[in-house]
Amino acid sequence: MKILVVGGGGREHAIIRALKQSPQCTEIWCAPGNGGISYDAHCKAISATDVDAMVAFAKEEAFDYVVVAQDDPLALGMVDALAAVGIPAFGPDKAAARIEASKVFSKNLMQKYGIPTADYAVFDDPAKVIEYVESKNKYPVVIKADGLALGKGVLICQNHEDVVAGVKEIMLDKKFGASGNHVVVEEFLTGPEVSVLSFCDGKTVKPMVSSMDHKRALDGDQGLNTGGMGTVAPNPYYTQEVADRCMKEIFLPTVAAMQAEGCPFKGCLYFGLMLTPDGPKVIEYNCRFGDPETQVVLPLLESDLLTVMQATTNGTLAETEVKFRDGAAACVILASGGYPLSYEKGKEITGLTEGQLPDCAGVTVYHAGTALKDGVLVTSGGRVLGVTATADTLAEALKSAYAASENIHFDKLHKRSDIGARALAAMQ
C-alpha cells in the first residue's frame with residue numbers, strides 16, 4: 001500500500017515510524033513533513049490545511065490510504081473531500097471533528113448525554129463573561145476559546161484581572177481569530193490529569209495505553225503553557241479500576257452520543273481526563289492523536305497500526321486486535337530557547353546520524369521542528385525533537401531518554417529535567 005500522512009510534526013513522525021513496520025506498507029509520503037521526517041518518508045511541501053491541493057496530490061499519486069493526523073485539516077473536512085474522490089482515510093469527517101473544533105459543541109454534547117465534565121456556561125458577549133464570573137466569584141476559573149487554537153486557547157484565571165485580560169486576548173484582540181468568537185467558561189477542576197487516546201470506528205472504542213503530558217515550560221510545572229514538554233506512558237494514576245469506570249461512564253457514552261447525533265466518530269478520539277475527588281471527568285476531547293502523547297503510546301503498540309487504522313475506517317474494529325506491550329515509554333522534548341514565546345530558528349543540530357542516535361538501543365528521535373538546509377539538519381520550530389525511550393520500567397525509560405538526549409546539541413537548547421518525576425512519585 002502507498003500511504004500519505006498529512007502533517008509535519010513529532011506526532012506525524014511517530015505515526016510514520018509505526019506505519020513503516022507494517023508488511024502492507026510499501027511506500028510512505030508525508031505532506032508537508034519536515035527535515036527529520038524526510039529520512040523516513042518522501043516529503044511534499046503542501047500545507048496541511050490546503051484541502052484542495054492535498055486531495056489533488058493524493059489523487060494524482062494514487063494513494064491507497066491517507067492518514068489525516070492534524071486537527072485543522074480534519075476540521076476543514078479533508079476526510080470528506082478524500083472520500084468524495086474515492087480515497088479512504090484515517091480520521092473523522094468534518095461533522096465528527098466538531099468534538100474538538102468546537103468546545104461549545106463538545107460541552108453541550110456532554111451535558112445532553114450525562115457525560116461527566118466541569119460545569120460551564122457559553123458566551124459570545126465579552127461583558128457577559130465578566131459579569132458571569134463576578135456573580136460566581138469562584139477562582140481559579142477556566143476560559144476556553146471555542147475553536148482550534150494550537151492547544152493554547154485555554155486560560156486559567158486566578159483573579160478578576162486575569163479574567164479581564166483573558167477576555168480581551170481571546171474575544172477582543174482575537175488572538176486566535178474566529179476561534180474566540182464564542183468562549184466557554186468552566187469551573188476549575190483538580191486532580192491528576194490523564195490522556196487516553198482511543199481507536200474508534202463509529203460504534204466500537206478501543207483505548208490505547210494511558211499517558212501523562214507535561215504542559216508547562218519549566219521544571220516543577222512552572223512557566224508558560226506549551227504544546228507539551230514531555231510525556232510518559234502508562235500513567236500510574238490510571239488504574240484498572242479507573243479505566244473500567246472511564247469506559248462505562250465516558251468512553252462508551254461518548255461514542256454512543258456521537259452516533260445518536262448523526263456524526264459517528266471514526267479515527268483517534270483523545271480523551272483529556274481529570275481524576276477529580278468526584279471521579280473522572282472530561283477536560284477536553286481531541287479528534288486526533290495527541291502530541292507528544294503519540295510519541296510514547298505508539299512505541300508500545302504491538303498490533304499492526306495500519307491494520308487497526310483501516311479497521312476504524314471500515315467499521316471492523318470490534319474484530320481487530322489492539323494490543324500493547326508491557327513496560328513503559330518516556331519522551332523528553334528538546335525545545336528552542338524562548339519557546340513558547342519568540343525563539344530563533346536555523347540552529348545547526350549535531351549528534352544525529354540520518355536523524356537518529358544509532359548507538360542508543362531502545363531510543364527513537366522524533367522530529368517536530370527540524371529542516372534540512374543544504375544537507376544540514378537545523379531547528380525550524382519551538383519544539384524541535386522528542387527523544388523517546390522504551391524499557392521494562394518507567395525509571396529505566398526515563399534514564400535512557402535523558403542519557404540519549406545528552407548526545408544531541410544545538411544553540412539555546414531547552415529541556416525540562418523533571419519529566420516523569422510526578423509519575424515516579426505516584427508509584428512509590
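So, where in the chain does asparagine 137 lie? Asparagine 137 sits in the loop between α7 (126-136) and β7 (141-145). When I say helix or strand, I mean DSSP runs numbered from the N terminus: H or I over at least four residues for helices, E over at least two for strands.

Quick housekeeping. What we have is a predicted model, where local features need pLDDT of at least 70, side-chain atom pairs count only at pLDDT 80 or more, and totals for chains, interfaces and linings use all residues. Residues are numbered from 1 along each chain as its sequence is written, and side-chain values use heavy atoms, with hydrogens and water left out.

Back to asparagine 137. Its phi is near 50 degrees, which is a positive value in a residue other than glycine. With 58% relative accessibility, asparagine 137 counts as exposed. For the cut-offs, buried is under 20% relative accessible area, exposed is over 50%, and partly exposed is in between, using a 1.4 Å probe and protein chains only.

Next up, lysine 412. Here too we have a non-glycine residue with positive phi, near 65 degrees. You'll find lysine 412 in the loop between α12 (394-405) and β23 (413-414). Lysine 412 is partly exposed, at 47% relative accessibility.

Now the cis peptide bonds. One joins alanine 233 and proline 234, with omega at about -5 degrees. Proline 234 belongs to the loop between β15 (230-233) and α9 (240-260). Another cis bond runs from tyrosine 339 to proline 340, and there omega is near 15 degrees. As for proline 340, look in the loop between β18 (328-336) and β19 (363-367).
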